[in-house]
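Please keep the model in view while going through the numbered points.

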Amino acid sequence: MFRSLKIYKDQSIDLDFLLRTLVDFGYHRQDEVREEGDFRRYGAIVDIYPATFDCPIRIEFDYNKVSSIASYNIITGKVIWKHTMVIILPRIKTQAARSSDLFEEMPLHNFIDIEKGDYVVHVKHGIGRFLGIEKVKIKNVEKDHLAIEYANNDRIYVPVEQAHLVQKYISFEGRSPRLYRLGSGEWKRIKERARKGLLKVALDLLEMQAKRQTLSGFKFSKDTDWQKQFEETFAFEETPDQINSTSQVKADMESSRPMDRLLCGDVGYGKTEVAMRACFKATMDNKQVAFLVPTTILAEQHYQNFIKRLKDFPVNVAMLSRFKTKSEQKAIIKDLAEGKIDIIIGTHRLISDDIKFKNLGLLIIDEEQKFGVKAKERLKKIRLLVDVLTLTATPIPRTLYMSLMGAKDFSVINTPPQNRIPIETHVEPFSKDLIKTAIERELSRRGQVYFIHNRVEDIEDVRDLVKNLSPNKTCINFAHGQMPAKILEKIMISFLNGEVDILVSTNIIESGIDVPNANTIIVNNADTFGLSDLHQLRGRVGRFNRKAYAYFLIPRDKPINYDAQKRLEAIEKYSELGAGFKIAMEDLEIRGAGNLLGLEQHGYIMAVGFDLYCRLIRQAVAQLKDKAN
């Protein structure tokens with residue numbers, strides 16, 4: 001039997017019953033909620049940090065009625081986003097049973113955020129339309145039920161105790177699903193067809209893992225004294241999640257099983273520090289490290305950071321990108337093959353056929369989804385041979401669900417760095433007055449400004465416009481990816497060093513560039529960017545303890561399409577610290593799951609919805625693992 005506690009907005013619930021249930025589920029009442037398993041009550045508010053949640057939740061009551069459910073930031077206490085319903089599981093989470101029904105019942109999401117009119121999937125009845133929560137009298141007692149409409153105006157009423165059987169239908173934006181007929185047997189046949197087809201998908205998911213399991217990987221040594229000294233050069237206080245993630249990565253490296261771990265954390269939450277510690281650990285065993293990044297700009301910045309951090313250690317770091325001349329590249333490739341380079345940082349050039357390592361032990365991949373098909377195929381082969389750590393700020397759902405389903409190891413950094421302040425975010429029509437005001441405010445506190453314009457052909461005209469709106473003697477430069485490498489490198493370094501006040505740039509600065517003094521970003525034609533791109537761009541500011549501002553400008557007299565409107569609403573709505581995961585899920589809804597998972601699987605997603613699709617894969621993964629054991 002699936003055991004859980006459902007709490008939903010406008011629910012009547014006895015507070016004492018709620019608190020007793022939490023204790024029964026293995027939770028501990030505390031004065032402060034600090035970690036999973038804690039809860040507290042103060043007045044009409046109950047805070048809970050449920051098992052497996054990314055962050056704690058706050059439930060507010062109006063007498064014995066739930067008035068609000070929200071995730072909140074554990075550091076600041078501020079609300080991140082609000083919810084319709086939450087499912088809280090016992091701390092010895094489910095369950096040794098292996099029945100297919102049980103796997104379907106186990107929810108992938110802890111929240112059921114559905115509204116009237118949404119399409120939903122009931123795992124036993126199929127796709128219907130949610131009509132809201134209605135009271136139904138059973139044996140003279142009125143209880144709340146989820147009302148769902150099916151074909152021919154038929155309805156079912158689902159007791160809230162069974163709400164985990166229902167999830168929002170997510171598939172392809174703009175294509176409404178048809179409603180199923182109750183009692184026809186059609187849903188059962190379609191679900192069974194999807195179940196059988198997804199066994200092959202599960203086999204594919206596990207194939208790489210199985211190959212890795214048959215190989216004996218390198219077993220790294222325990223931490224050295226130098227490891228401790230290196231980690232002490234970190235200029236900030238580690239967050240609990242950073243410490244935990246680092247421990248998980250080190251445990252993987254010290255195992256004979258090759259590591260394949262995904263490290264997920266929002267923009268600026270410290271994933272790179274975890275990766276740097278893994279890199280250093282690898283070099284202590286005389287293993288080489290390849291750090292693969294999506295852009296030349298990011299490669300340059302990582303290289304500079306490594307050089308600074310490693311200046312007191314005998315570790316040789318090099319960078320391979322188009323910033324290097326052909327003769328420089330040739331020399332680096334030769335040194336790499338001879339083992340003279342310990343850590344190599346670079347773009348996709350690192351996985352070219354002419355690159356040879358003497359003793360590669362660790363591969364770090366930053367934002368794998370930004371690499372092309374050929375690069376990913378090459379990475380598949382490398383994965384069989386060495387430990388792999390993949391970093392991502394906005395997790396692509398396929399990778400995320402592979403992790404949750406047990407096909408990949410998974411670490412999360414949810415805790416923001418100390419003193420981090422949410423970025424004040426505005427979506428506004430293009431306005432010279434707004435640009436002028438934003439620039440003057442930032443420069444008056446001796447800060448720097450990004451102005452993003454993603455068209456090379458008229459970027460110099462935009463530079464001139466920005467110059468006219470800026471105070472006299474403001475130093476402005478522009479940058480784009482089509483520039484000669486040496487000129488681009490010089491411009492970026494001058495901005496990093498504070499010699500340039502305003503950088504007018506294409507989105508080449510999207511991934512990873514950290515300039516502590518740049519805390520205002522203005523994005524022109526923001527309606528043309530993807531949601532994850534907008535989130536990444538916003539993450540270029542507010543990376544330390546100064547108030548930061550992000551302005552997403554849209555054309556004043558030109559209508560924007562529906563998808564763009566949804567993206568802009570989401571970026572403005574989810575501006576709190578830690579909102580990266582929510583943005584990833586919004587991106588999934590807007591772009592459609594099929595675009596991320598591959599067109600060959602879109603039929604299954606369309607038929608049963610993304611949530612049940614993932615539940616069925618999880619079931620197939622477990623079945624195949626059972627057979628293997």
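Predicted model: local features only at pLDDT ≥ 70, side-chain atom pairs only at ≥ 80, totals over all residues.

1. Two residues are said to be in contact when heavy atoms lie within 4.5 Å. Ile297, Glu300 and Gln301 of H7 meet Leu488, Glu489, Met492, Ile493 and Leu496 of H13. By class, five nonpolar, one polar and two charged residues make up this contact.

2. The geometry of the pair deserves a separate remark. Two packed helices are described by the angle between their axes and the distance between those axes. Helix H7 covers residues 296–309 and helix H13 covers residues 485–496; they pack at an angle of about 55°, and their axes are 11 Å apart. Angles from 65 to 115 degrees would count as roughly perpendicular and those under 35 as roughly parallel; H7 and H13 are therefore oblique to each other. The crossing of H7 past H13 is right-handed.

3. The protein chain contains 19 helices and 26 strands. It has 629 residues, of which 56% count as buried. Among contacts in the chain with a separation of 6 or more, 71% are between residues 24 or more positions apart.

4. In soluble globular proteins, nonpolar side chains tend to be buried together. Here the largest nonpolar core has 94 residues, and Tyr450 and Ile509 have the most contacts inside it. Helix H6 (residues 271–284) supplies the largest share of this core, seven residues. Apart from this core lies another, of 42 residues, including Tyr8, Ile114, Tyr180 and Leu198.

5. Which residues does isoleucine 509 touch, beyond those up to four places away in sequence? They are Tyr450, Ile452, Met492, Leu503, Ile521, Leu537 and Arg540.

6. Leucine 553 belongs to strand S26 (residues 549–554). Its relative accessible area is 0%, so leucine 553 is buried, the limit for that term being under 20%. Leucine 553 is 122 residues from serine 431 in sequence, yet their C-alpha atoms are 8.1 Å apart in space. Setting aside residues up to four places away in sequence, leucine 553 touches, among others, Phe430, Leu434, Ile522 and Val523.

7. Is serine 321 buried or exposed? Serine 321 has a relative accessible area of 1% and is therefore buried. This serine sits in the loop between strand S16 (317–320) and helix H8 (326–337). Leaving aside neighbours within four places in sequence, serine 321 is in contact with Thr296, Gln329 and Thr347.

Key
Residues numbered from 1 in each chain as written. Heavy atoms only, no water. Core = buried A, V, L, I, M, F, W, Y, C linked by side-chain atoms within 4.5 Å. Buried < 20%, exposed > 50% of the residue type's maximum accessible area, 1.4 Å probe, protein only. Helix = DSSP H or I, 4+ residues; strand = E, 2+ residues; numbered from the N terminus. Axes fitted to C-alpha atoms, helices over the stretch in contact; angles between N-to-C directions. Parallel < 35°, antiparallel > 145°, perpendicular 65-115°, else oblique. Left-handed = near helix turned anticlockwise from the far one by under 90°. Nonpolar A, V, L, I, M, F, W, Y, C, P; charged D, E, K, R; others polar.
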